[in-house]
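Please read the following alongside the sequence and the model, keeping both in view as each part is discussed.

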Amino acid sequence: MTNDLNKFSTLRFFMLDMDGTIYLGDELLPGAMEFLNQVKKQGKKYIFLTNNSSRNKKTYVEKLNRLGIKATTEDVFTSGDATIIYLKRQKKNPSVYLLGTPDLEESFEKEGIKLVKGRGGKPDFVVLGFDQTLTYEKIWVACDYLREGVPFVATHPDFNCPLPGDKFMPDTGAMIEMFKAATGVAPLVIGKPTKGMVDSVIDKYGVKREEIAMVGDRLYTDIAIGANAGISSILVLSGETSEKEYNEQNKFKASFVFGGVGDMVPIL
């Protein structure tokens, strides 16, 4: 694929996937630090973007700092953050029955969202995050609220969360299917690859849509969000997707393709 350098030069805001794009496991990928430094040198901006709504942003900041990347919580944006922005856009002081980890609960409460605990409340929304503390009681209560017509929102659609050693754990997308089977209700999904994730980024950072690029290694999230949200997408071949796999499929086409983020340094 021939990359259009004129179009690339208009990009000023890079949403960066992390694992497989900036680092692999506990090691920075070649050229990652040079890329980040060059973006800043050119007066452009980047944020680190993740669909994982189970962790506090501080967890990602600590890892990035350990790898030598100077980052603060303002540089990290999660599907949980995007969901909070969406909810507050719908109602000034929303109340939520939340299926989420203590980290996600803390994030919601810090933003002034009232959390409904258990039965008998009147939540404005049922929100499903990557809840690694999920219990049968939580599932049952959420189903009751959904059957009563409470709007259903999910932070992201990933079916599995990758773990070291090519292992996986069930993620929010798998939980969504359970609730759909039990209630017949499908949620509004906020995270990658939906337009809602980008809309929330635009709200928070005040960036223009035409200046945004999503940079990542996964076709069905990082590249798909480009078409879904009307932004540029940049595939890097340093993680999940190989050049052969990309060329042999036609469903997900990136605006630009590079071997890794370091390949972008000379043209930023």
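At what angle do H4 and helix H8 (residues 195-205) pack, and how far apart are their axes? The model in which this is asked is a predicted one, where local features need pLDDT of at least 70 and side-chain atom pairs count only at pLDDT 80 or more, while totals for chains, interfaces and linings use all residues. Residues are numbered from 1 along each chain as its sequence is written, and side-chain values use heavy atoms, with hydrogens and water left out.

H4 and H8 pack at an angle of about 75°, and their axes are 9 Å apart; axes here are lines fitted to C-alpha atoms, for helices over the stretch in contact, and angles run from 0 to 180 degrees between N-to-C directions. Helices (H or I, at least four residues) and strands (E, at least two) are DSSP runs, numbered from the N terminus. H4 and H8 are therefore roughly perpendicular to each other, a term that covers angles of 65 to 115 degrees. On the H4 side, Ser79, Ala82, Ile85, Tyr86 and Arg89 meet Met197, Asp199, Ser200, Asp203 and Lys204 of H8, where contact means heavy atoms within 4.5 Å. By class, this contact of H4 with H8 has four nonpolar, two polar and four charged residues, with Ala, Val, Leu, Ile, Met, Phe, Trp, Tyr, Cys and Pro counted as nonpolar, Asp, Glu, Lys and Arg as charged, and the others, Gly among them, as polar.

H8 also packs with helix H9 (residues 219-229), at an angle of about 75° and with the axes 8 Å apart, which makes H8 roughly perpendicular to H9. Lys195, Met197 and Val198 of H8 make this contact with Ile225, Asn228 and Ala229 of H9.

The sheet comes next. Six strands form an open sheet in the order S5-S4-S1-S13-S14-S15, with parallel pairing; two strands pair if DSSP finds at least two bridges between them. At the edges lie strand S5 (76-78) and strand S15 (256-258), each of which pairs on one side only. Within the sheet, strand S1 (residues 13-16) and strand S13 (residues 212-216) pair in the parallel sense over four bridges, and Phe14 stands opposite Ala213 in S13. H4 lies across strand S4 (45-50) and S5, running at about 70° to S5, whereas H8 packs on the sheet by touching S1, S4, S5 and S13.

A pocket is an open set of points on a 1 Å grid over the protein atoms alone, with protein on both sides within 12 Å along at least five of seven lines, whereas a cavity is a set of points where a 1.4 Å probe fits but cannot get out; lining residues have an atom within 4 Å of a point. Grid points are joined across faces, edges and corners, and a volume is the space filled by probe spheres set on the points.

The lining of the largest pocket divides into eleven nonpolar, 13 polar and 14 charged residues. The second largest pocket holds about 330 Å³ of space, and H4 supplies the largest share of its lining, four residues. H4 also gives the most to the lining of the largest cavity, with three residues, and that cavity has a volume of about 60 Å³.

Notes. Parallel < 35°, antiparallel > 145°, perpendicular 65-115°, else oblique.
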